[in-house]
Amino acid sequence: MTYMHTQPRLFMPTSTTINRPFPQLNHPTITMASFTQYCLFFSISTLLLLFFNASPVLAQQSFRPKALVIPVSKDASTLQYTTHITQRTPLVPVNLVLDLGGQFLWVDCEQNYVSSTYRPARCRSAQCSLARASGCGDCFSSPKPGCNNNTCGLSPDNTVTRTATGGELAYDVVSVPSTNGFNPGRNVSVSQFLFTCAPTFLLEGLAAGVSGMAGLGRTRISLPSQFASAFSFDRKFAICLSSSVSSNGVVFFGDGPYVMLPNVDVSESLIYTPLFINPVSTASAFSQGEASSEYFIKVNSIKVNEKSVAVNTTLLSIDRDGVGGTKISTVNPYTVLEASIFKAVTEAFISESKSMNITRVSSVGPFEVCFSRDNVLSTRVGPAVPSIDLVLQNESTFWRVFGANSMVQVNDDVLCLAVVNGGESPRTSVVIGGYQLENNLLQFDLATSRLGFSSSLLFRQTTCSNFNFTSTN
C-alpha cells in the first residue's frame, strides 16, 4: 500500500420520500357525515398499520444491554486462549486469539472474507481519527476487503510471534450475546465495528482455526472501548480464564454481577490496585510518542512463603524509555521474570520447598525449577508448596499465587515452577502470564484506571469454567 495525500471524500446518507395520494372519493352523492366517518376510519387504520409495522423495530431498539459475554477456550497445543464472535453480513463465526493488551480486533481478509456490509475507512474520516490511523493509501489491485483506494491503515500485530504488518482499517457488523451476569441473553449487534484487515501470513504461530486476534487493550477501538461506546455501559471488562482445555472460561464486557455456578458472584470479593500506563508503546510497530495499550500494575516487592525476596526494585518501575515494570498478558503462557529477579525468586522458592521436605529434581523444559511429587500434599488451591506474593501499593495489598497457579504437572512424578527466565534485558521485568491468571477473576476499569483481582476462585469453591452458558433467550 502506497500512502499519499488526497482530498477527503464525504459520504452523506440518502433519504427517500414516498408521495402517497389522498384517497379519491368517487361517490356522486357523498354527504358530510359519511365523509367524516371515512376520514376517521382512514386515520385509525393508518395509525394502526404504522404501529404494528414499527413496533418490532421499536422493541429491538429499546433493548440496551448492561453487559456482554463471550466464551474463552484454552488451546491444548499452543496454550493460547481463544474466543469467538460473529461478524459480517450474513453473520459468520470468527475464531480469534484473545490478546489482553492488543490494540484492536484484526482479522485475515485474504481468505474468504465475504460481507455485504464491509466498508473501508476513508482517509481523514472520523473512523481514521478515532483509531489514530496514520497514513493514507491506495491499493493497486481490484477492490476487495483489505484492498481499497483512499483508505487509512493501521499495523495489526501478532503479539505471539512479535510480527506486525500494514493493514486496512475498516468497519463491519459484529454481534455478541448480552448477559445479565448469570446467563447469556439475546444477541446484540454493532453495525460499524472498527477493525483492521490483515494478510493471511500474520496468522502464523496462532492456534489452528483462528482468523485473527481480539485486542482488549487500552485504546479507543479495542473491543471493550467499542462495546462500551455502542451500548453506553461502564468502561469495564473482566476476564476469567479456565485451566481446562475442555471447559470454557469467560470474558464480560460491562460491570457485574459475574455469577459462577453454584450462584457465586465472583465480583463481590475483588481487591483493587491502580493500573499504570507505560508511556512508550510495547507493540511490534508503533508511532513515536504512542503509549502502550497493555495493562501494567506496580509491584513493589515479592515474597515467598511471606518472606521478602531481595530484588533490584529499580527494575520494578517503568523508566522514561518504557523499560521495566509489571504487565499482565494472555499471550505469554507462563510468568516471565528478568534474570536477576528470576534467580532471587527461584532460589527462595527452592529454599522454602526444602524446608517443607519437597525434593528438587532435574529441569524439564521450558522450566528450570522442578520437584518430585513425593511429599507434596494436595489442597483446595493446588499442591501444597510455598506461596508467592506480589506486594502492590502497600503491605496489606498483595496478589497471592498458590500451588494451582504456580506449579505445572509435567508428568506423573514431577511438578515444575511455572515461571521462566526472561534474560538480562527484557523490555518488561515481570510479565504475569496466562497460567497465573487461570481461575482468577480480573476486572479492568478503564474509566478509573483500576484493576480488581480475586485471587484464586478455588477458595470460593468455584472456577472460571462455571459460568452457565445455557442461553436464556
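Rings of Phe, Tyr and Trp (its six-membered ring) pair if their centres lie within 6.5 Å; planes under 30 degrees apart count as stacked, over 60 as edge-to-face and the rest as tilted. By that rule, ring pairs join Phe252, Tyr258, Phe467 and Phe469 into a cluster. This is a predicted model, in which local features need pLDDT of at least 70 and side-chain atom pairs count only at pLDDT 80 or more, while totals for chains, interfaces and linings use all residues. Residues are numbered from 1 along each chain as its sequence is written, and side-chain values use heavy atoms, with hydrogens and water left out.

**Aromatic pairs**

The structure holds 17 aromatic pairs. Two of them are set out here.

| Pair | Geometry | Centre to centre | Angle between planes |
|---|---|---|---|
| Tyr118 and Phe195 | edge-to-face | 6.2 Å | 75° |
| Tyr334 and Tyr435 | tilted | 5.7 Å | 50° |

Tyr118 lies in the loop between strand S5 (106-108) and strand S6 (119-120), and Phe195 lies in strand S12, so their pair ties together parts that are 77 residues apart in sequence. Helices (H or I, at least four residues) and strands (E, at least two) are DSSP runs, numbered from the N terminus. Tyr118 and Phe195 are buried (under 20% relative accessible area; exposed is over 50%, partly exposed in between; 1.4 Å probe, protein chains only).

The Tyr334 and Tyr435 pair also links distant parts of the chain, 101 residues apart. Tyr334 is in the loop between strand S22 (326-328) and strand S23 (335-337), and Tyr435 is in helix H6 (residues 434-437). Both tyrosines, Tyr334 and Tyr435, are buried.

**Charges over rings**

A charge sits over a ring if NZ of Lys or CZ of Arg is within 6 Å of the ring centre and within 35 degrees of the ring normal. Arg186 places its charged end over the ring of Phe63, 4.2 Å from the centre.

**Helix H3**

Helix H3 (residues 223-231) is mostly covered, with 7 of its 9 residues buried. These are Leu223, Pro224, Ser225, Gln226, Phe227, Ala228 and Phe231. The buried residues pack against strands S2 (67-74), S11 (167-179), S12 (184-198), S13 (212-215), S14 (236-240) and S15 (249-254). Contact means heavy atoms within 4.5 Å. Just after H3, Ser232 takes a positive phi of about 55°.

**Pockets**

On a 1 Å grid over the protein atoms alone, a pocket is an open set of points where a 1.4 Å probe fits, with protein on both sides within 12 Å along at least five of seven lines; lining residues have an atom within 4 Å of a point. The largest pocket holds about 670 Å³ of space. Its lining has 25 residues, and Gln103, Ala131, Arg132, Thr219 and Glu290 lie nearest the centre. Helix H2 (126-131) and strand S8 (151-154) are the elements that give two or more residues to this lining.

Gln103 is in the loop between strand S4 (92-99) and S5. Gln103 is buried, with a relative accessible area of 16%. Leaving aside neighbours within four places in sequence, Gln103 has contacts that include Thr219 and Glu290.

The second largest pocket has a volume of about 480 Å³. Of its 30 lining residues, Thr159, Arg162, Thr282, Glu294 and Lys327 are the closest to the centre. S13 and S22 each supply at least two lining residues.

How values were computed
Points joined across faces, edges and corners; volume = space filled by probe spheres on them.
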